[in-house]
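Reader: I would like to learn how to read a structure like this one, feature by feature. Could you walk me through it?

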Amino acid sequence: MGRPFGVPVYVAPSWFLVAALITWVFGGQLERVLPDLGAARYLVSLFFAVAFYASVLIHELAHTVAALRFKLPVRRIQLQFFGGVSEIEKEAETPGREFVLAFVGPLLSLVLAGLFYLAMQPVEPGTVPGVLLAGLMVSNLIVAIFNLLPGLPLDGGRMLRAVVWKLTGKPMSGTVAAAWVGRALAVTVLIGLPLLTQSGALGSHAEDSVGLDTVTDALLAAILAAIIWTGAGNSLRMARLREHLPELRARNLTRRAVPVETDTPLSEALRRANDAGARALVVVDAHGEPLSLVREAAIVGVPEHRRPWVAVSGLAQDLTDGMRVSAELAGEDLLDVLRATPATEYLVVEETGEIYGVLSAADVERAFVRAMARPS
């Protein structure tokens, strides 16, 4: 939808579903408040849905601006079924920055609620502008309060994480605490929201909360609880991943390789590799400069009786600049390089340019799995 501050904004297909739902629900409310509108009430409701998600976008832009201010890359902003998300690619370096990064979103939603309240004052209440402004004020207030609840993946959970991080000095401790509070919050929403609606505490009469309304409230509570529970679990998994990232070092994961010339038969190349205890083949020119990497999958696909007649050049992938990886890379820096140039194998070189070996993407994936399986 655009690139404010250089960050792309996407609208997920689920947004159209929630826009239709808001249009239908708000249209029913308008029928009671402004009965003279007739069918035009749904056009007004659609405008409200778009304006509400524009407010959500501003909320997310607050997170984005703060992240960019702290030099944290933002991949994109996505508007989806329940609000929006700013995909910040790196973690804040300090708990103070983490707190600010989380707090600016709800703060801006509170500011928007205040601005809509001020805009309501000169407007007559029983008019379309009055109803729209009141709806936007209440919705932004709800967004702010909901996001301030102290559980991941909500902004309040990130604020709680920052506080525990500051007190303990351990970001993982903050994540664990905020994630479990988030799971408790999910259970509370699942049970408490339908009970509140039936009791009339949210403004409806208890005798009206029957039939379809009861089912709708229970379904909404289940969806919200599932989103919060899943988000809390994902936050825990991402925290464990970041904790183990430094263990992923290119030098430790690299396979020893032997250089072979272009016309070398595959059987001969494999014999040399076995003699040297190597598990990879690098095709080089007459001067020893690397040209390509022999793909492991291609070797497996050649029957043993044909290997003396197949040259390694026919099984190799030409090297590009992105496929040359420094042996000193580790953690997120290593992953960033691999993400930039997707491939099955990479040539690992020393700072001098000397060949160190071959890094297999499959080996990196297996190292990830092993690291995630270990307790924090």
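Author: Gladly! Let us begin with burial: a residue counts as buried when its relative accessible area is under 20%, as exposed when that area is over 50%, and as partly exposed in between. Please keep in mind that this is a predicted model.

Reader: With those cut-offs, is R255 buried or exposed?

Author: R255 is buried, because its relative accessibility is 7%.

Reader: Which side chain does R255 meet in a salt bridge?

Author: The general idea is to look for a side-chain nitrogen of Lys or Arg within 4 Å of a carboxyl oxygen of Asp or Glu. Here R255 meets D363, with 2.7 Å from N to O. R255 sits in the loop between α8 and β4, while D363 belongs to helix α12 (residues 361-373), so this pair ties together parts that are 108 residues apart in sequence. D363 also counts as buried, at 10% relative accessibility.

Reader: What does R366 do in helix α12?

Author: R366 forms a salt bridge with D363 as well, at 2.5 Å from N to O. Both residues lie in helix α12, three residues apart, or about one turn of the helix. R366 is partly exposed, with a relative accessible area of 43%.

Reader: How many salt bridges does the structure hold?

Author: There are 15 salt bridges. One of them joins the side chains of E328 and R251, at 2.3 Å from N to O. This pair links distant parts of the chain, 77 residues apart: E328 is in the loop between β8 (324-326) and α11 (331-340), and R251 is in helix α8 (residues 250-253). E328 is partly exposed at 39%, and R251 is partly exposed at 27%.

Reader: Let us turn to strands. In which sense do β4 and β5 pair?

Author: Strand β4 (residues 257-261) and strand β5 (residues 280-284) pair in the parallel sense, over five bridges. Within the pairing, E261 stands opposite V284 in β5.

Reader: And how should I read backbone angles?

Author: Then look for departures. F5 is not a glycine, yet its phi is positive, about 60 degrees. F5 is found in the segment before β1 (9-11) and is exposed, with a relative accessible area of 56%. K71 also has a positive phi, near 60 degrees. The loop between α2 and β2 holds K71, which counts as exposed at 73% relative accessibility.

Reader: Which peptide bond is cis?

Author: The bond from L152 to P153 is cis, with omega near 15 degrees. P153 lies in the loop between α4 and α5 (155-168).

Reader: Finally, which residues make the nonpolar surface patch of about 400 Å²?

Author: F82, L219, L220, I223 and I227 make that patch. Among them, F82 lies in the loop between β2 (74-80) and β3 (83-88) and is partly exposed, with a relative accessible area of 34%.

Key
Residues are numbered from 1 along each chain as its sequence is written. This is a predicted model: local features need pLDDT of at least 70, side-chain atom pairs count only at pLDDT 80 or more; totals for chains, interfaces and linings use all residues. Side-chain values use heavy atoms; hydrogens and water are left out. Two strands pair if DSSP finds at least two bridges between them. Helices (H or I, at least four residues) and strands (E, at least two) are DSSP runs, numbered from the N terminus. Patches are made of residues with over 30% relative accessible area and no salt bridge: like charges are joined within 9 Å, nonpolar side chains (Val, Leu, Ile, Met, Phe, Trp, Tyr) within 5 Å. Accessible areas come from the Shrake-Rupley method with a 1.4 Å probe; for residues, only the protein chains shown count as cover. Buried means under 20% relative accessible area, exposed over 50%, partly exposed in between (1.4 Å probe, protein chains only).
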